[in-house]
Amino acid sequence: MSPPSAARASPLRWRPTAIGLEVAGAVFVFLAFALRTPVPLFAGLPLLAAPVASALAGARGPGSVDLRWSAEGSGPVVELSGTLTLPPGAPAEGLEVRLDPPSGFEPSAPLRVEHDGATVRFRTRWSVREPTIAVLDPPVVVWRDPLGLVEREVARTGAPLPVERYPPELLRLRATRLERVRMVPGETRSRRRGTHGEFFGLRDADRSDPVRQINWRATARVGRWLANEFELDLTGDLLIVQDTRPTPLGAERDDRLLSIGRAASLGIATSFLREKSRVGYAAFGEFVGTVVPLATGRIQKLRLREAIVATRRSPVAGPGERCAVGLSRFFPRGVTTLVISPAASDPLAELPPYLRRRGWPVVLLSPSPLALPGARPALLPEDEALAHRLERLDRRHRLADLWIHCPVVDWDELWSLEGLSLAFRRPSRRRSV
Amino acid sequence: MSDSLPSEPRPSGLGATVLLGGALALLGLLTSLPYFLGPIAGAVAVVAAARLRTRPGGRAGPLALGLVLGVLGTLSALAPPVASAELIAGFAALGVLLWIASDPSRGAGALRQAVPIVAIAGLAFAVALALAVGLPTVPYGLGIAGGLAAIAVLLVGFALVAARSGSDRGAATA
């Protein structure tokens, strides 16, 4: 995300209405000369003079405005609201806000702009079709004269706004014990201390300590209140591998599936980072491109966010073996690995087996192309139903073959990730989730 | 979503519509069209344009303006070359400007703020009309020249203001 920026003010621009008035005035003058009557000339004179007068006598608008805006809502709803604060004494009249939704967002309510003294407030509501992460550019602020004949872009401060929408089940993933799907559990030790887990040591008791945490024997022996301190349970490390290889589905659907996968990556990473787990990230296209080594903390969250947002579809597909070899240079074997891939073709489905053979316990999260609305060209209703059944059968067959190697989550309900939570908790159960 | 925000008053545009309709109807009366076709055309055009620009979506606004300007041009071309027709045609053109300013899609107060702009346009028209018909011995060509001179003065003023706003912008972004 780029730092707050101030857009440069632009010069006055003629609007189509002004051009229309000038053209009409010119036509009136032509009529006057053609018909040898002065009446159209007098009718055209105010029309010719108005745009010039508007630029000459109209208010200039504020030099710059300060933008504060935010995104609220949950699930597919994105509610945007903001305030433009004007310099003291600057007129708020004539200010307009232009906010266009980026790809994947659709306006579900009109943009409402309210002028209130020295501030201008705006609100709108968008909806997203599927889980996504996006960085919204600040709205364009334009001053327009009272007649709407000239306009000028107003300089404004304000930062791009990140919007993240992913299934709410991801917030419950932090309760998952990753060791259950790990071949070799417990490679890292948590530095967190708490009220449960392995015994760590003694410390002076605090008033907020529960009675059960007081070590009565030690207290009696030493003569002052002592409490037990525990080392919190480890949740293990997690490596997220985003498959960015192209599929036979086409660029448009690939981009949408990748956008869904990126949203899941960020949501899952954020959820586990809250529990101090170490999370790493890698994007695999032709080669292992973007890599964020295992780490935890707020800085790691920022690193992951930048890497995930910057992940793009690769034009060339690399072999799955190359990914497994490449990952071994950055990540230790045994780390629980979540592969996010549509697995829409046999070469793409080869990635989890290769990773497993190299020593990574894999869980495959596969965003389903069948869940994308409008993904297929229009067919007759009976053909549509038949095509849907065939596609579903083909996909189930391909994913069923992968169950030999790893738990597979067929993510066909895009606003729910209950299946992933089940796969983490019961990885050994070989049934479709 | 927008319930928490007070609804901002919007101009109805009724006054400017009536003014423009009256001016066009008067101009139509002066034409030689039979069966009161002139005033009827003027009034109907203004009513239709007012309905067009209040349609949701706001995409019919240019069409409404084009309709009004078309009728204004037609009636002024058909009007006899007398001083009253010139006066009414000019007032009708100023009415068009006020009608634009009272667009319901614009915020409240736009009509009030547009008065200085319309006044300048009216001043140019008044100068031209005074030169053309106010002085009995002055021919029409002088009126035309006066109008063009008024536009030239406005253009010079605009150039000066544009240069000033450029320097202000440089200071604002420095």
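How many helices and how many strands does chain B have? In this predicted model, side-chain values use heavy atoms, with hydrogens and water left out, local features need pLDDT of at least 70, side-chain atom pairs count only at pLDDT 80 or more, and totals for chains, interfaces and linings use all residues. Residues are numbered from 1 along each chain as its sequence is written, while chains are lettered from A and ligands numbered from 1 in the order in which they are written.

Chain B has six helices and zero strands, where helices (H or I, at least four residues) and strands (E, at least two) are DSSP runs numbered from the N terminus. Read from the N terminus on, the elements of chain B accordingly follow the order α-α-α-α-α-α. Among the contacts in chain B with a separation of 6 or more, 70% come from residues 24 or more positions apart, contact being defined as heavy atoms within 4.5 Å.

Within chain B, helix H3 (residues 61–78) and helix H4 (residues 83–101) pack at an angle of about 175°, and their axes are 11 Å apart; axes here are lines fitted to C-alpha atoms, for helices over the stretch in contact, and angles run from 0 to 180 degrees between N-to-C directions. This angle makes H3(B) roughly antiparallel to H4(B), since angles under 35 degrees count as roughly parallel, over 145 as roughly antiparallel, 65 to 115 as roughly perpendicular and the rest as oblique. On the side of H3(B), the residues that meet H4(B) are B:Ala64, B:Leu65, B:Val68, B:Leu69, B:Leu72 and B:Ser76, and their counterparts in H4(B) are B:Ala89, B:Ala92, B:Ala93, B:Val96, B:Trp99 and B:Ile100. The residues of this contact comprise 11 nonpolar, one polar and no charged, with Ala, Val, Leu, Ile, Met, Phe, Trp, Tyr, Cys and Pro counted as nonpolar, Asp, Glu, Lys and Arg as charged, and the others, Gly among them, as polar. Because 14 of its 19 residues are buried, H4(B) is largely enclosed by the rest of the structure. The end C-alpha atoms of H4(B) are 27 Å apart, which agrees with the 27 Å that its 19 residues should span at 1.5 Å a residue, the expected span being 1.5 Å times one less than the number of residues.

Chain A contains an open sheet of six strands in the order S18-S17-S16-S19-S20-S21, with mixed pairing; two strands pair if DSSP finds at least two bridges between them. The edge strands of this sheet, each pairing on one side only, are S18 (288–295) and S21 (408–411) of chain A. Strand S16 (residues 237–243) of chain A pairs with strand S19 (residues 336–340) of chain A in the parallel sense over five bridges, and A:Ile240 stands opposite A:Leu338 in S19(A). Helix H5 (residues 298–310) of chain A packs on the sheet, where it touches strand S17 (278–284) and S18 of chain A, and its direction makes about 165° with that of S18(A).

A further open sheet of chain A has four strands in the order S2-S10-S9-S5, with antiparallel pairing. Strands S2 (13–14) and S5 (95–98) of chain A stand at its edges with a single partner strand each, so one side of each is left without a neighbour in the sheet. S5(A) is joined by four bridges to strand S9 (residues 140–144) of chain A, and the two run antiparallel, with A:Val97 opposite A:Val141 in S9(A).

Antiparallel pairing also links strand S3 (residues 64–72) of chain A to strand S4 (residues 77–85) of chain A, over seven bridges, and A:Trp69 stands opposite A:Gly82 in S4(A). The hairpin of S3(A) and S4(A) has four residues between the strands, and in it A:Gly73 takes a positive phi near 95°. A positive phi of about 55° is also found at A:Arg36, although A:Arg36 is not a glycine. A:Arg36 is placed in the loop between helix H1 (16–35) and helix H2 (39–57) of chain A and, at 77% relative accessibility, counts as exposed.

Methods: Buried < 20%, exposed > 50% of the residue type's maximum accessible area, 1.4 Å probe, protein only.
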